[in-house]
Amino acid sequence: MASLSSPLSPSPPTSAYARLVARNAPVVAAAEGALRTLTYLLPGRFPRAELAAEAVYALVSLLSVQHDAILQPIAVAAAGPLAASAAAAADSSHAFNAYVRHLHRSRGSAFRAVAHGVAALQVLQVLLEMLAVEFGGAARKTSPTGEAAPAFSSTAETAVVAAVEVAKTAGRMYLFLASGRRMLLHSAIPERDYDPATLASASEDAAAAAALSHRLPRTGKMVPTIAAVQAAAGATPNAAGSSGTATADAASRVLLARALRSSGELAAPEARMPVLRGARLVGEWLHILRPLVYLLLLHRYGRRSWRPWVAGGALELASLALLVLGRRRRLATDGTRSAPPAPLKQLETAELQRRAVYVLYAVLRSPFYEAITKPRLEKFVEAASTRPIVSFFA
């Protein structure tokens, strides 16, 4: 994976493939969308179609990360330094990317490599399991009853799942410690926050935007020029009246808009995720180690046992409780009594909500699925199959 460049100091693509992607960003985006659509159409079309669909999906997901590493700095450069600064500080959908990109810049190449490695494992995990099941049972042996039985299908699948989970857990432990013991988010790589279809002439736009910015010699940070301020405020040097007055008015409007931001928008990226301590630290460790504990119990007691299912759910619920309820009470301003704990940050709230929804997926995990969920789904499908409209969803 290509390392992510700083959004404040974009550099032009160097490799031939990167230049090809930069010059044809809309075509690349259309190709990604077409291939993703193909994954919905392939299953059931031919033997091993599900395996082919999963392989296409994994390939497109990995290529999308590579393309984002190429196009995101170009998109920021084409938008101009003022837009890049505003997007990085916005306390909305950009908060996640602002925080993750800050970690990538400040923690070095090792952090970026591990983050991309964990993301790649998450994308490839299902495909690797399907390959283990499909080809791990290719060699067969004859059972004592004379029937053909898989030779090592279950063993191959277990080995693949174990290797992937151990690698993911080790990577997430490193990311947790390298981030300063801050809560892990659902992904350690930035999400796409631009439209590749608008980058029809990304290289030309980036070159034009470079004229509206200045790189500071010591830090390498890009700052807007007077022309960029005028363009952002809708002023031009040839506007009616004195060009100096127009420039001053433009600068006043832009600076006033930047000054009237909320505290969340002005907060440093690391301030968006506080350092975990005490019970909250224990809760995060439970969340990181839960998949590994579940896998060990699954290996010990088997898929039909309720112990792994109960233990996995209990660990996840305990983790959520510690992270939400384990916040320490603050000392009030008068110093005589304690005040309620500080509210959760926006990124913390979004991540905890995502984890709470993930707990509900336990109804699709064995043995709960075979004992409770599957029979009810089969009854619903059978009852709805005779009804004209409902049968379409069944």
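What should the 17 residues of helix 15 (residues 368-384) span at 1.5 Å a residue, and how far apart are its end C-alpha atoms?

Author: First, the ground rules. This is a predicted model, in which local features need pLDDT of at least 70 and side-chain atom pairs count only at pLDDT 80 or more, while totals for chains, interfaces and linings use all residues. Residues are numbered from 1 along each chain as its sequence is written, and side-chain values use heavy atoms, with hydrogens and water left out.

Helix 15 should span 24 Å, and its end C-alpha atoms are 23 Å apart, so the two values agree. The expected span is 1.5 Å times one less than the number of residues. Helices here are DSSP runs of H or I with at least four residues, strands are runs of E with at least two, and both are numbered from the N terminus.

Helix 15 also bends, by about 35° at K374. A proline, P375, follows within four residues. The bend at a residue is the angle between axes fitted to the seven residues ending there and the seven starting there. Three residues of helix 15, F368, T373 and A384, are buried. Buried means under 20% relative accessible area, exposed means over 50%, and partly exposed lies in between (1.4 Å probe, protein chains only).

Now the surroundings. The protein chain comes to 16 helices and 6 strands. Of its 394 residues, 34% are buried. Among contacts with a separation of 6 or more, 71% join residues 24 or more positions apart. Contact means heavy atoms within 4.5 Å.

R107 gives a local example. R107 sits in helix 5 (residues 94-107). R107 counts as partly exposed because its relative accessibility is 23%. Beyond its neighbours within four places in sequence, its contacts include A178, S179 and E270. S179 is 72 residues from R107 in sequence, with 7.7 Å between their C-alpha atoms.

A113 belongs to helix 6 (residues 109-136). A113 has a relative accessible area of 51%, so it is exposed.

Last, a helix pair. Helix 12 (residues 279-301) packs with helix 13 (residues 307-325) at an angle of about 175°, their axes 8 Å apart. Helix 12 is therefore roughly antiparallel to helix 13, a label for angles over 145 degrees. Their contact has 15 nonpolar, 4 polar and 5 charged residues. Asp, Glu, Lys and Arg count as charged; Ala, Val, Leu, Ile, Met, Phe, Trp, Tyr, Cys and Pro as nonpolar; the others, Gly among them, as polar.

Definitions and conventions:
Axes fitted to C-alpha atoms, helices over the stretch in contact; angles between N-to-C directions. Parallel < 35°, antiparallel > 145°, perpendicular 65-115°, else oblique.
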